[in-house]
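Work through the exercises below with the model open. Each task is followed by a stepwise solution.

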Amino acid sequence: MRKGLFALAAVGLMATGSMAACGDDSGNSDTGSDSGSSVGKVGVILPDTKSSARWATADLKYLTDAFKAAGVEADIQNAQGDKAQFQTLADGMIASGVKVLMIVNLDSGTGKAVLDKAKQTGIATIDYDRLTLNGGADYYVSFDNVKVGELQGQGLVDCLTEKKVTNPVVSYLNGSPTDNNATLFKQGYDSVLKPKFDSKEYTKGPDTDVPDWDNAQGGTLFEQDLTSNKNIKGVLAANDGLGNAAIQVLKKNKLNGQVPVTGQDATVQGLQNILVGDQCMTVYKAIKKEADAAAGLAIALAKGEAPTTATSTVTDPESKKDVKSVLLEPQSIKFDSVKDVVADGFVTKDELCTADFAAKCTEAGIS
Ligand code: BGC
């Protein structure tokens, strides 16, 4: 039976042309087969390649490495931001006989549809990074996302204080309204900034959601915000991609470097923006740890073992049910700690310290 399923999987993969070598441009990977053993196969669906650099780079790489090291077959695909494609990929993985399905949902509705189908077939499910609301996944692996938002809020406050800006108008460039993480990030930065708005120490400016975290649309929306509020003095951008979109608009208006902008993901671009002073901070989430934790759960489940590492629980705010979880700690990064991200091996000095940034790298102690 199992052999038959693997044969089917191979045909399916070839038919869709997705038999990719690890880490190709499509953002997909197949870690090679362990067929014939009793260990099951794992399917992973990543969300897109545009909302953040992380999915096609860090997550793909670290997940691929972890499954390879364990000798467990994993089909890692990227839905390219397309909800129909997300479901098609899941259907293909379920039909190919995966024993474990790991997803980063594009929204909770389509995520739940996929999780429901998997569960009906007896497949173990893992929500990777984003909780699928009312989805009932068996496991959830992420960071403390409210803490991520608190670090962003506090980072912005510190930068405004350093720049001696009084009574700033602060605008928000939030993540996707359909991503539960964006809700949690906002909960975190609101907990720091709302008291300042309430006490009139700061003034609240535009509060703009960016659909699907689309960076290009984020730039357009921020341009409108800045046009209608010329006095914006600080930007809480929810990730590095949105931060960079805001920075490009600020540059056009010769305001970059004066108006602090936050971020998240410690992308090469975000870190370079910090080095030159256009971005105030980012949040580093050690994605290797996240990928290793999620792959560890998937590998145990693929081997038919009961995982022991998901020792926390998160309560799904819709179903009110507890989901067994692994939650990791995020870290705030500013100019002086960019070097920590390099030391951790998340970005290399070579990719970060290209000609335009070499002097700043030296100043920031990156050797
Ligand atoms: C992730 C962030 C990422 C964003 C956009 C969130 O769910 O936690 O790391 O920047 O999605 O992809």
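**Exercise 1.** How far is an oxygen atom of the ligand from an N or O atom in the side chain of K285?

*Solution.* Note that the model is predicted. Start at K285: an N or O atom of its side chain lies 2.9 Å from a ligand oxygen. Polar contacts are counted within 3.5 Å, so this pair qualifies. Next, take the cover. Alone, the ligand exposes 310 Å², and the protein buries 100% of that area.

**Exercise 2.** Find the distances from ligand oxygen atoms to N or O atoms in the side chains of D179 and W55.

*Solution.* For D179, the distance is 2.6 Å. For W55, the distance is 2.8 Å.

**Exercise 3.** Which residues come nearest the ligand, and how does the shell divide by class?

*Solution.* Then sort the shell: three residues are nonpolar, five polar and six charged. Last, assign domains. Domain 1 (21-143 + 287-328) and domain 2 (145-284 + 332-363) each supply at least three shell residues.

**Exercise 4.** Where does the ligand sit?

*Solution.* Search the whole structure: one cavity of 30 Å³ or more turns up. The largest cavity has a volume of about 110 Å³. The ligand sits in the largest cavity. Now list the lining of this cavity. It has 14 residues, with W55, R130, W213, N239 and D265 nearest the cavity centre. By class, the lining holds three nonpolar, five polar and six charged residues. Both domain 1 (21-143 + 287-328) and domain 2 (145-284 + 332-363) contribute at least three residues to the lining.

Definitions and conventions. Residues are numbered from 1 along each chain as its sequence is written. This is a predicted model: local features need pLDDT of at least 70, side-chain atom pairs count only at pLDDT 80 or more; totals for chains, interfaces and linings use all residues. Side-chain values use heavy atoms; hydrogens and water are left out. A polar contact is a pair of N or O atoms within 3.5 Å; within protein, one must be able to donate a hydrogen and the other to accept it, and residues adjacent in sequence count only if both atoms are side-chain atoms. Accessible areas come from the Shrake-Rupley method with a 1.4 Å probe; for residues, only the protein chains shown count as cover. On a 1 Å grid over the protein atoms alone, a cavity is a set of points where a 1.4 Å probe fits but cannot get out, and a pocket is an open set with protein on both sides within 12 Å along at least five of seven lines; lining residues have an atom within 4 Å of a point. A molecule sits in a cavity or pocket if more than half of its atoms lie within 2 Å of its grid points. Ala, Val, Leu, Ile, Met, Phe, Trp, Tyr, Cys and Pro count as nonpolar, Asp, Glu, Lys and Arg as charged, and the others, Gly among them, as polar. Domain bounds come from an automatic or database domain assignment. Grid points are joined across faces, edges and corners, and a volume is the space filled by probe spheres set on the points.
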